[in-house]
Amino acid sequence: MTEPKNAPRNGAEAVHRIVVPAEVNMVALLGARDEVLRAVERAFSRADVHVRGNEITVTGPFGEVALVERLIDELLAVVAGGQVLTPDAVDRSIGMLRQQTAERPADVLTLNILSNRGRTIRPKTLNQKRYVDAIDEHTVVFGIGPAGTGKTYLAMAKAVQALQAKQVNRIILTRPAVEAGERLGFLPGTLTEKIDPYLRPLYDALHDMLDPDLIPRLMAAGTIEVAPLAYMRGRTLNDAFIVLDEAQNTSPEQMKMFLTRLGFQSKIVVTGDVTQVDLPGGTQSGLKVVQDILDGVDDIHFARLTSTDVVRHRLVGEIVEAYGRWDTEQQIEQAANRPPARQPQDRMAPQNRVERRSHRTGR
């Protein structure tokens with residue numbers, strides 16, 4: 001609970017005392033070696049946060065104090081949900097509070113999708129939660145965003161969740177086997193051995209979500225299928241949760257082929273990063289084109305994630321932003337250096353048309 005001690009006057013500092021319920025473990029709230037408290041102090045440098053026993057006193061500008069109060073309420077809700085607080089969770093919660101989003105940070109950080117071997121998979125950002133919610137609410141969802149935003153991992157977690165809840169009878173995971181610099185035909189080994197490296201990330205994710213001993217049995221029974229996109233042609237996929245990964249490397253024709261495999265009681269999630277296309281020069285990306293084709297179609301949703309949703313190393317988000325700025329600068333520079341459009345050659349001066357007509361009539 002929060003108790004105001006001094007009300008602010010004309011921008012003066014406010015002092016608020018927060019009494020943490022006795023049943024809350026203060027170490028769980030403040031973090032090991034006070035790492036959560038330190039993250040709060042770094043984020044609110046204009047406020048003073050003092051802890052004594054189970055009381056937290058916040059002093060500073062009214063707006064900052066009010067935001068710290070809301071943050072602590074959210075962190076208490078996360079702790080009550082049994083989740084371990086981290087400085088990263090604090091930073092993401094502060095970001096959501098500063099954006100004044102309708103969703104509470106605690107609702108985002110405590111949404112459990114799947115648990116396996118003591119590990120719980122859940123969204124870590126607001127856009128990730130909206131993406132997961134869209135998968136629940138729509139038949140076809142496109143997850144578009146840069147590397148590290150969890151678009152494929154979360155889609156696969158929802159697929160496993162749907163299988164365990166008996167909402168579907170099987171999971172189908174697929175990728176276009178587009179080589180990034182090497183031709184498959186020149187690689188050693190059988191066709192399966194050549195294709196396997198392109199599907200390996202999907203296998204790795206499955207091992208995080210299911211008992212490794214169970215995966216071979218499910219695959220042998222056809223309950224889980226991991227295959228190149230080309231293997232989807234001519235099929236109708238009923239009672240299935242289908243995930244197409246690396247969709248930026250599909251052509252428009254392949255994208256159409258894949259989407260029309262949708263059968264009854266099935267769900268499709270398409271993921272990709274339109275900034276990392278490995279298609280041969282001149283080939284359009286099916287993921288880019290489909291956004292215009294299917295925009296506004298009922299029960300199809302486009303979820304877009306950004307560099308702020310990157311959940312890998314902090315530098316990954318900064319790298320994505322840097323490349324985005326560079327791409328924008330390149331497009332502006334190319335537009336500035338583009339030569340003017342050529343005028344049609346049949347546009348000639350009126351006197352020239354008269355001279356040509358005179359020559360034809362012999363005048």
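Contact here means that heavy atoms lie within 4.5 Å of one another. The views show a predicted model, in which local features need pLDDT of at least 70 and side-chain atom pairs count only at pLDDT 80 or more, while totals for chains, interfaces and linings use all residues. Residues are numbered from 1 along each chain as its sequence is written, and side-chain values use heavy atoms, with hydrogens and water left out.

View 1. Strands (E, at least two residues) and helices (H or I, at least four) are DSSP runs numbered from the N terminus. Leaving aside neighbours within four places in sequence, Gly 143 is in contact with Tyr 131, Lys 151, Val 270, Thr 271, Gly 272 and Ala 303. Gly 143 has a relative accessible area of 0% and is buried, a term for values under 20%, with exposed meaning over 50% and partly exposed in between (1.4 Å probe, protein chains only). Although Arg 304 is 161 residues away along the chain, its C-alpha atom is 6.0 Å from that of Gly 143.

**View 2. The crossing of helices α2 (residues 35–43) and α4.** Two packed helices are described by the angle between their axes and the distance between the axes. Here the axes come within 9 Å and cross at roughly 35 degrees, where axes are lines fitted to C-alpha atoms over the stretch in contact and angles run from 0 to 180 degrees between N-to-C directions. The crossing is right-handed, that is, the near helix is turned clockwise from the far one by less than a right angle. Among the residues making the contact are Val 36, Ala 39 and Val 40 of α2 and Val 90 and Ile 94 of α4.

**View 3. The largest cavity, with about 80 Å³ of space.** On a 1 Å grid over the protein atoms alone, a cavity is a set of points where a 1.4 Å probe fits but cannot get out, whereas a pocket is an open set with protein on both sides within 12 Å along at least five of seven lines; lining residues have an atom within 4 Å of a point. The lining of this cavity includes Leu 29, Val 36, Val 40 and Ile 72, and its largest share, three residues, comes from α2.

**View 4. The largest pocket, with about 900 Å³ of space.** Of the 37 residues that line this pocket, Gly 148, Thr 149, Gly 150, Tyr 153 and Val 311 lie nearest its centre. Helix α7 gives the largest share of the lining, five residues.

Note on methods. Grid points are joined across faces, edges and corners, and a volume is the space filled by probe spheres set on the points.
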